[in-house]
Amino acid sequence: MNKTDDILRKASKLHEQIDDEFHDQLAESLYADATRIADRAVSYTGEKPRFDFDRSLDRIVTSRIWGFPLMLLLFTLVFWLTVEGANYPSAMLAFVFIDTIHPVLHSWANTIGMTWWVSGLLIDGLYLATAWVISVMLPPMAIFFPMFTLLEDFGYLPRVAFNLDNIFKKAGAHGKQSLSMMMGFGCNAAGIIATRIIDSPRERLIAIITNNFALCNGRWPTQILIATLFIGALVPPFWAGIISALSVVGIALFGIVLSLLVSWGLSNSILKGEASTFSLELPSYRPPRFWQTIYTSLIDRTLIVLWRAIVFAAPAGMVIWLIANITIGEISIAEYMVHFLNPIGWLIGLNGVILVAYIVAIPANEIIIPTVLMLMVLTVKNAGGMGSGAGVMFEGSENEMMTMFSMGDWTLLTAVNLMLFSLLHNPCSTAIYTIYKETGSIKWTAISTFLPIIMGFVICFMVAFIWRLVA
Amino acid sequence: MSEQKVITLQHLKIGQHARVVSISQKCHGLERRRFIDLGILPGTIIVAEMRSPSGDLTAYLIRGSVIAFRSEQTRFINISIL
Amino acid sequence: MTVNTAVPKMYGRCEDCGIYNMANLKKLGINMDKWDYMIALAGNPNTGKSTVFNALTGLRQHTGNWPGKTVTRAEGGFIYNRRGYKLVDLPGTYSLMATSLDEEVARNFVLFAKPDVTVIVVDSTRLERNLNLVLQILEITDRAVVCLNLMDEAKRKQIIVDERRLARDLGVPVIPTSARYNQGIPELLEAVHDVATGRVVCRPHRVKSISAKVDNIIKPLITQIKSAFPNLPNARWVALRLLDGDMSIMNAIRDDGLGELNHAPAFNLAVA
């Protein structure tokens, strides 16, 4: 121990002796060697081409005129392709898993004389919830992820960060927050981990707290479905797809605006400080390896996220079935909860069913819509022919879903506010755990958890209030 | 290289080439190190490549890589235009 | 012995040939309980490190085209020539001067976890910038292989890199690859194997004098460090870092880390 203390003492004394230029000199001598070695090893064949593809493309995607419109266009295109492309496979999966296999399971359970509550718990709870998640989630993810990955592999994301920097700077946030935010569009937990590229602890915290405003993949199916059913339905069928896509883009943009506003708020209150400096490398564009990217993003991203959804959906399905079928007096627990939450729901333009669904679905955002539907069957269970028994997710297409929603007294306001609330509520349990791991602080974890949900209540309340005044 | 007027990097116009003269002594600590680690040293050639739509970030070609800085950073880098 | 392993050796025996040995490559993914050699994968951001990692382990770590994509350490394994290798993918950094968290993670790993081989992935279209990091890594380890990646891109940009010359100047094997297209991976494996087993001994390039003044100042410090930590690959570099006021090296020394960690293959880094 003496030896090391000695070394340290001597070193710090020497450190004071040498001038500030020491580090410069060290770096310079390294770079001088690097330059010499590189010069000896590298040669060019012929002239360097005058036309530089990278620079020409960069001039367009970062141009004052085209930069932002191109960005919006690209993201709208991605969402539009997702909305349009997901419909058909979704219906097919629903047909297979829900319309076909589910009744088969029931008749099989009848044949072997399975007790009603066992078959209810397993077939109407566990199986249906899982089947729903697969048919609602898989198609949009299988389309969105590869497209997003292609953009990412091509090298477009740093250009977006380049374009957006000024706005982030004005919000007092780090320039690289736009990168972690974009990862958040894939998955908030991944986005929160990605904030490690930010050196300054203050700005990293801001990036972590606001990452939840990036609409994650678990929430798009909700957005896309509701937008398709309610907002797309406002316009002629020809425009339905693009309008639905635009409304989802609108929500995503609103999320970005909020994340900037909250960043600004934080950097002017509890996380005061100057925006720190940073450098952003714009890497060369690389032609993505198309099929490999599709394959990788399908296998790695889509299936992993889907698997997580299923893992959470299966027990949630059982919970829903249980609360729908355990009765106190004549009324089920779920009905108690729904009725209890209905007034609060009404106040913020939603309803009790949606709020109960958000409580049941804390583990994963992915299962909101399936949960809502299961609970709806309960509250409008006299809606003959759809599903059978309390807490059974009905077997249905989009049309049936729409009928169901309108019977549950859903209006355009409910839809809009559900889209808003889906953007603005607590992060899923994985994201919360990740925040805790990354910050190591209960305080910041709590702030990141409760801030969005409080904002969700406030914003939904205001929308509902103004809507009802005007309408 | 003839005797050139020394200006700061933030004044380099898009498309112009310059040679780094020094990093200002006002820039120290982490910020200075980051410049140096990125290869910004006396003698390094820098080309201004493009500016962000809001004009706040500028991307420079430095030793083969395109790297963007904000203007409040580039004012610390003294250059002479080539 | 002069080391210029980048020059293909005489392929007298099948076992010496990379193509033959490719058949001996078993990608293990993350199923790694024990290993004979630990390999670290270092490099600048955006040099295709993750692609090299995937090519070796058969894992499909997501590879995006933006700097700083790999912020955490990924680990995987493979068996090559009947030896088990554990591969650790470090965050991409421009430098090892430890100015940010990821640089510290990478630097501490190479310095303290003492990988048997550090593979430095280099963008062959930006050699000069990348060599800055290579030289820094060569300061802290004796066992390294340079993977000259993105050769396809260099070809497109009409850049020719003389890898033999580079290998001679750096004193470590230099292997040209295009990991995206699986080109050069057999040769890379062979070089890693050679360095790991000691068949090839590296004579890494070390930065010469900075200034006579500095040389004089650090001489006694070097002697002292050498006597305290005889196993350290480059006492001079540690002395230089100490002189630069590098806090994390200070802390490591204070915890007697340089000596202790010589024996600890598993090294848990506290991140954040």
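**How chain A meets chain B**

In S5(B), B:Ala68 is the bridge partner of A:Leu280.

This is a predicted model, in which local features need pLDDT of at least 70, side-chain atom pairs count only at pLDDT 80 or more, and totals for chains, interfaces and linings use all residues. Residues are numbered from 1 along each chain as its sequence is written, and side-chain values use heavy atoms, with hydrogens and water left out.

Colleague: What makes S2(A) and strand S5 of chain B a pair?

Modeller: Two strands (E runs of at least two residues in DSSP, numbered from the N terminus) pair if DSSP finds at least two bridges between them. Three bridges join S2(A) to S5(B), residues 65-70, and the two run antiparallel, so they qualify as a pair.

Colleague: Why is the meeting of A:Asp165 and B:Arg70 called a salt bridge?

Modeller: The term asks for a side-chain nitrogen of Lys or Arg within 4 Å of a carboxyl oxygen of Asp or Glu. Here the N to O distance is 2.8 Å, so the pair meets the rule. Across the interface of the two chains, the rule finds six salt bridges.

Colleague: How many residues does each chain bring to the contact?

Modeller: Counting heavy atoms within 4.5 Å as contact, chain A brings 31 residues and chain B brings 30.

Colleague: And what is the area buried between chain A and chain B?

Modeller: About 2,700 Å², with carbon and sulfur atoms giving 53%. Buried area is the accessible area (1.4 Å probe) that two parts lose on being put together, so the value is summed over both. In chain A, A:Tyr31, A:Phe162 and A:Thr277 lose the most to chain B, together 23% of what that side buries.

Technical notes
Chains are lettered from A and ligands numbered from 1 in the order in which they are written. Helices (H or I, at least four residues) and strands (E, at least two) are DSSP runs, numbered from the N terminus.
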